[in-house]
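Hello,

Here is the structure I said I would pass on. My notes on it follow below.

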Amino acid sequence: MNGVVNMQNDKEQGFRYSRKIARMGNSLGVSLPKKLTEKLKVSQGDEVEFVENERGEIVLQKVHQVKLPDHVRPEVLEAFFDVFQEDRGILDDLKDR
């Protein structure tokens with residue numbers, strides 16, 4: 001994968017990075033410049049997420065893993081989350097009563 005294609009310091013928005021998208025197996029991928037990985041405090045094996053904000057911009061941020069207590073199994077927590085998402089409308093309605 002190529003290095004940074006373009007990096008400039010924009011006084012309004014800070015540093016702007018521009019990268020080429022490359023094929024990685026059957027997927028497409030983008031490498032992160034070292035300066036950006038240092039700013040995000042990420043390294044190989046860490047997880048990042050892309051979040052769309054209210055202005056429609058995509059924000060890249062590190063996923064912070066939460067250590068579950070020993071007696072909580074991750075699959076139970078995931079099942080609870082799935083049910084909560086499915087019934088969110090019902091729960092929101094109950095909250096407003």
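A search of the whole structure, which is a predicted model, gives six salt bridges. One of them joins K62 and D46, with 3.7 Å between the closest N and O atoms. The two residues are 16 apart and belong to distant parts of the chain: K62 sits in strand β6, while D46 is in the loop between α1 (34-40) and β5.

Strand β6 also takes part in a hairpin. Residues 48-52 form β5 and residues 58-62 form β6, and the two strands pair in the antiparallel sense over five bridges. Within this pairing, V51 has V59 of β6 as its bridge partner. Five residues lie between the strands of the hairpin, and G56 in that turn has a positive phi of about 85 degrees.

Next, the second largest pocket. Its volume is about 330 Å³. The lining consists of Y17, R19, I21, V30, S31, L32, P33, L36, V48, F50 and L60. By class, nine of these residues are nonpolar, one is polar and one is charged.

F84, for one, lies in helix α2.

That is the end of my notes.

Regards

Methods
Residues numbered from 1 in each chain as written. Predicted model: local features only at pLDDT ≥ 70, side-chain atom pairs only at ≥ 80, totals over all residues. Heavy atoms only, no water. 1 Å grid on protein atoms, 1.4 Å probe; cavity = no way out; pocket = protein on both sides within 12 Å on 5 of 7 lines; lining within 4 Å. Points joined across faces, edges and corners; volume = space filled by probe spheres on them. Nonpolar A, V, L, I, M, F, W, Y, C, P; charged D, E, K, R; others polar. Pairing = 2+ DSSP bridges. Helix = DSSP H or I, 4+ residues; strand = E, 2+ residues; numbered from the N terminus. Salt bridge = Lys/Arg side-chain N within 4 Å of Asp/Glu carboxyl O.
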